[in-house]
Amino acid sequence: MQHPISLIGVPTDIGAGARGASMGPEALRVAGLQAVLESHGLQVADRGNLGGPANPWLPPAEGYRHLPEVVAWNTALHDAVHAELAQRRMPIVLGGDHCLGLGSISAVARHCRDTGKTLRVLWLDAHADFNTAALTPSGNIHGMPVALLCGMGPSALTGIGGTTPAISANVVRQIGIRSVDAGEKRLVHEAGLEVFDMRYIDEMGMRHTMDQALMGMDHNTHLHVSFDVDFLDPEIAPGVGTTVPGGPTYREAQLCMEMIADTGRLASLDVMELNPALDVRNRTAEVAVDLIESLFGKSTLMRQTAPRA
């Protein structure tokens, strides 16, 4: 948790079905992300924004929209994240749409293979993002990154990290899921993905959910959090392109983040799908920054607790 932090902006909506996520990095900066992290004594360097091809806004070709452009952006992100991890820095990726989870997590997985670390991925999202070109007519790749990371798709995407598949489905814990297509649901079950959907959270509570999702980690675990802002209920986070009612409340989301912080294992982070064009006075960015602060030490807990082993 004390490693210096690098902010990496990735201003593209290349994999999305709506324009605007390309403005997400700047909205997070305007909401004061760097200053908030520095207020907790953290060393933060803003690496600026990566460059990549413009969004041509074309229909899908052979089942994928903007495949060459998605490859270019994710390759650049993979290289940037891997370089920061090699310097023992913690990368925070400021998206951008969630297709970028492919480049980010493939770099983290490569780093874990190189260093002998055990990877755990928390995927905080309203969507499972486990689609394939055969399942979705839109061809939008922001609905496919988890499947691609698990090796389901063209080699240009699945091989970005140098190993296919980049990860096994058993390293992923998905939290907050509430919008999954029928074919996608079948694929999720076949792959053995562990999903804590909103019904599970409703029935069991966020505390039990997070206890389960974080179970089994130890000192050798590299914890990566991929935070899609549409994880949150749209009542508190309207600035996303794919709102789904019935998400975690502000307090549930705070508990989720605080319990992640309590582990002391967070080593890399994505913040994805923030769309300022659909927001109200940067409200969603401010909520996101508030929750990210909780990942790095802000807590509402008043009672004293023993440190975790």
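Select cysteine 99. In this predicted model, cysteine 99 is buried, at a relative accessible area of 1%. Cysteine 99 takes part in no disulfide. Its nearest cysteine sulfur belongs to cysteine 150, and that sulfur is 16 Å away.

Go to cysteine 256. Here the relative accessible area is 0%, so cysteine 256 is buried. It is in no disulfide either; the nearest cysteine sulfur is that of cysteine 112, at 20 Å. How many disulfides does the structure hold? The count is 0.

Next, the nonpolar cores. In soluble globular proteins, nonpolar side chains tend to be buried together. The largest nonpolar core here has 50 residues. Select Leu37, Leu122, Phe227, Leu232 and Phe296: these touch the most other members. Now colour helix H11, residues 283-295. Helix H11 gives the most to this core, with 7 residues.

Zoom in on leucine 37. Beyond residues up to four places away in sequence, it touches Ile5, Leu7, Leu42, Val44, Ile92, Ile292 and Phe296. Another core lies apart from the largest one. This other core has 44 residues, including Val93, Ala109, Ile141 and Val171.

Now the rings. How many aromatic pairs does a search of the whole structure find? It finds 2.

Are the two partners buried or exposed? Phenylalanine 196 is buried, at 3% relative accessible area. Tyrosine 200 counts as partly exposed, at 22% relative accessibility; the cut-off for buried is under 20%.

Select phenylalanine 227 and phenylalanine 231 for another pair. Their ring centres lie 6.3 Å apart and their planes stand at 85°, so this pair is edge-to-face as well. Both phenylalanine 227 and phenylalanine 231 are buried. Phenylalanine 227 is also one of the residues that touch the most other members of the largest core.

One more ring: tryptophan 57. Show arginine 65 with it. Arginine 65 lies over the face of tryptophan 57, at 4.6 Å from the ring centre.

Move to arginine 173, in strand S5, residues 172-177. Is this arginine buried or exposed? Arginine 173 is buried, with a relative accessible area of 11%. Which side chain does it meet through a polar contact? The partner is glutamate 194, at 3.2 Å. Leaving aside neighbours within four places in sequence, arginine 173 is in contact with Arg120, Val121, Leu122, Trp123, Glu194, Phe196 and Ala213.

Last stop: asparagine 49. Its place is in strand S2, residues 44-49. At 41% relative accessibility, asparagine 49 counts as partly exposed. Its side chain and that of arginine 29 are joined by a polar contact of 2.9 Å. Not counting residues up to four places away in sequence, asparagine 49 touches Gly9, Val10, Pro11, Pro25 and Arg29. Finally, draw a distance to glycine 95, 46 residues apart from asparagine 49 along the chain. The two C-alpha atoms are separated by 9.9 Å.

Conventions
Residues are numbered from 1 along each chain as its sequence is written. This is a predicted model: local features need pLDDT of at least 70, side-chain atom pairs count only at pLDDT 80 or more; totals for chains, interfaces and linings use all residues. Side-chain values use heavy atoms; hydrogens and water are left out. Helices (H or I, at least four residues) and strands (E, at least two) are DSSP runs, numbered from the N terminus. Buried means under 20% relative accessible area, exposed over 50%, partly exposed in between (1.4 Å probe, protein chains only). A polar contact is a pair of N or O atoms within 3.5 Å; within protein, one must be able to donate a hydrogen and the other to accept it, and residues adjacent in sequence count only if both atoms are side-chain atoms. Contact means heavy atoms within 4.5 Å. A nonpolar core is a set of buried Ala, Val, Leu, Ile, Met, Phe, Trp, Tyr and Cys residues joined through side-chain atoms within 4.5 Å. Rings of Phe, Tyr and Trp (its six-membered ring) pair if their centres lie within 6.5 Å; planes under 30 degrees apart count as stacked, over 60 as edge-to-face and the rest as tilted. A charge sits over a ring if NZ of Lys or CZ of Arg is within 6 Å of the ring centre and within 35 degrees of the ring normal. A disulfide is a pair of cysteine sulfur atoms within 2.5 Å.
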